[in-house]
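Hi,

Here is the structure I promised to pass on.

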Amino acid sequence: MDVQSKKEIAKGLFAEHIAVFCCPICGGKFTVTEAGVRCNGNHAFDLARKGYLNLFAGRQSTYYDKTLFTARRDVFAAGVYDLLIEEIASLIKELVDSAPLVLDAGCGEGSLLARIHPLIPQAGLVGVDISRDGIRLATVHSEPIMWCVADLARLPLCSGSLDVIVNVLAPANYNEFQRVLKPGGAVIKVLPGPGYLQEIRERLEGSAAYSNEDVAAKFAENLKVGRRFQLSYEVGVNGALWEALIKMTPLSSRREISGPRPGKITVDLEIIQGSWT
Ligand SMILES: C[S@@+](CC[C@H](N)C(=O)[O-])C[C@H]1O[C@@H](n2cnc3c(N)ncnc32)[C@H](O)[C@@H]1O
Ligand SMILES: [Zn+2]
């Protein structure tokens, strides 16, 4: 597929769902233009050739770089998050039985949504991340997903427009989540559990034990918790996967990982689902 047709396909997809997108600056309604989208307050945003909407003009963080996102894609492709993907898809199907509109807030390189698409093909899927590197990689997935570079604190979505927000190992902004969800809409948040990737932490000097209690408590302060459960399993590790796991660790710690490769890696996650009503 050439880059031009990728942009055209994305344009068609955004045009189909344009009623749910609103300007992150003034909240105005968008219309699709030749170059991208324009709001009724006259703020214009480009649709990049790769087929994503660029709605964030601020400074890009360098905490998550292209190497990290590429490695993360390899880790997804190796099946490390298969059980999580299935779990999230079935939760979404339980929550909304028709054609849900789902946002992945902090979607990174987009593997989760790309893998959810065939499980819920009738869903409209929107992936938002502040990292242009992440979203650029996300557009490599061929599934029909609306990718946006945007800040989750100023989502480019209209109030009351979404059925479900998925928020995996990423920051949250509950005021903004509440604004863009329909009444009764749900947030599915995934947090690392105490054993998450412990084989990496064991090989990092001076790495402290991790607790997700503060993050979970903040969720419960904001939303009515429907379900909270742990998803914990192990995945066998070969040389290529170990290399990818190290590379997806943020650069600051990546350099200090030492010791032999483990035979398996622990995926210990906590899933919390909640809503405001
Ligand atoms: C640990 S990564 C997880 C990415 C993805 N959910 C996954 O599981 O592969 C955290 C993500 O949150 C994104 N992020 C951090 N702050 C953000 C913000 N204010 N708005 C949107 N995305 C943000 C980062 O760019 C990064 O992609
Ligand atoms: Zn505007």
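Predicted model: local features only at pLDDT ≥ 70, side-chain atom pairs only at ≥ 80, totals over all residues.

Eight strands make an open sheet, and their order is β4-β7-β6-β5-β8-β9-β11-β10. The pairing in this sheet is mixed. At the edges you'll find β4 (52-54) and β10 (224-236), each of which pairs on one side only. On average, neighbouring strands are turned by 20° against each other, ignoring direction. Helix α8 (residues 213-222) packs on this sheet and touches β9, β10 and β11 (264-275). The direction of α8 makes about 15° with that of β11.

Strand β7 (residues 146-149) pairs with β6 (residues 124-129) in the parallel sense, over 4 bridges.

**The core**

Cys 148 turns up again here. The largest nonpolar core has 78 residues, and Val 128, Cys 148 and Ile 165 are those with the most contacts inside it. The strand that gives the most to this core is β9 (residues 181-192), with 6 residues. Which residues does Cys 148 contact, leaving aside neighbours within four places in sequence? They are Tyr 52, Leu 53, Leu 55, Val 126, Val 128 and Pro 156. In general, nonpolar side chains tend to be buried together in soluble globular proteins.

**The ligand**

Ligand 1 is surrounded by 18 residues. The closest are Gly 106, Gly 108, Ile 130, Leu 152 and Ala 170. By class, the shell consists of 11 nonpolar, 4 polar and 3 charged residues.

**The three-stranded sheet**

There is also an open sheet of 3 strands, antiparallel and in the order β1-β2-β3. Its edge strands are β1 (30-32) and β3 (44-46), each pairing on one side only. From one strand to the next, the twist averages 25°.

The strands are linked as hairpins. β1 and β2 form one with 3 residues between them, and these two strands pair over 3 bridges in the antiparallel sense. Val 32 has Val 37 in β2 as its bridge partner. β2 and β3 form another hairpin, this time with 4 residues between them. Strand β2 (residues 36-39) is joined to β3 by 3 bridges. Along that pairing, Gly 36 is partnered by Asp 46, while Arg 38 stands opposite Ala 44.

**A few residues to look at**

Asn 42 lies in the loop between β2 and β3. Its phi is near 75°, a positive value in a residue other than glycine. Why does Asn 42 count as exposed? Because 9 other C-beta atoms lie within 10 Å of Asn 42, and exposed is the label for 12 or fewer.

Leu 169 is another residue with a positive phi, about 50°, although it is not a glycine. Leu 169 sits in the loop between β8 (162-168) and α6 (174-180). Leu 169 counts as partly exposed because it has 15 C-beta neighbours inside 10 Å.

Finally, Arg 136 is in helix α5 (residues 132-138). With 19 other C-beta atoms within 10 Å, Arg 136 is partly exposed; the cut-off for buried is 20 or more, so Arg 136 stays in the partly exposed class. The C-alpha atoms of Arg 136 and Gly 110 are separated by 9.5 Å, with the two residues 26 apart along the chain.

Cheers

Note on methods:
Residues numbered from 1 in each chain as written. Chains lettered and ligands numbered in written order. Near = placed C-beta within 6 Å. Nonpolar A, V, L, I, M, F, W, Y, C, P; charged D, E, K, R; others polar. Pairing = 2+ DSSP bridges. Axes fitted to C-alpha atoms, helices over the stretch in contact; angles between N-to-C directions. Core = buried A, V, L, I, M, F, W, Y, C linked by C-beta atoms within 7 Å. Contact = placed C-beta atoms within 7 Å.
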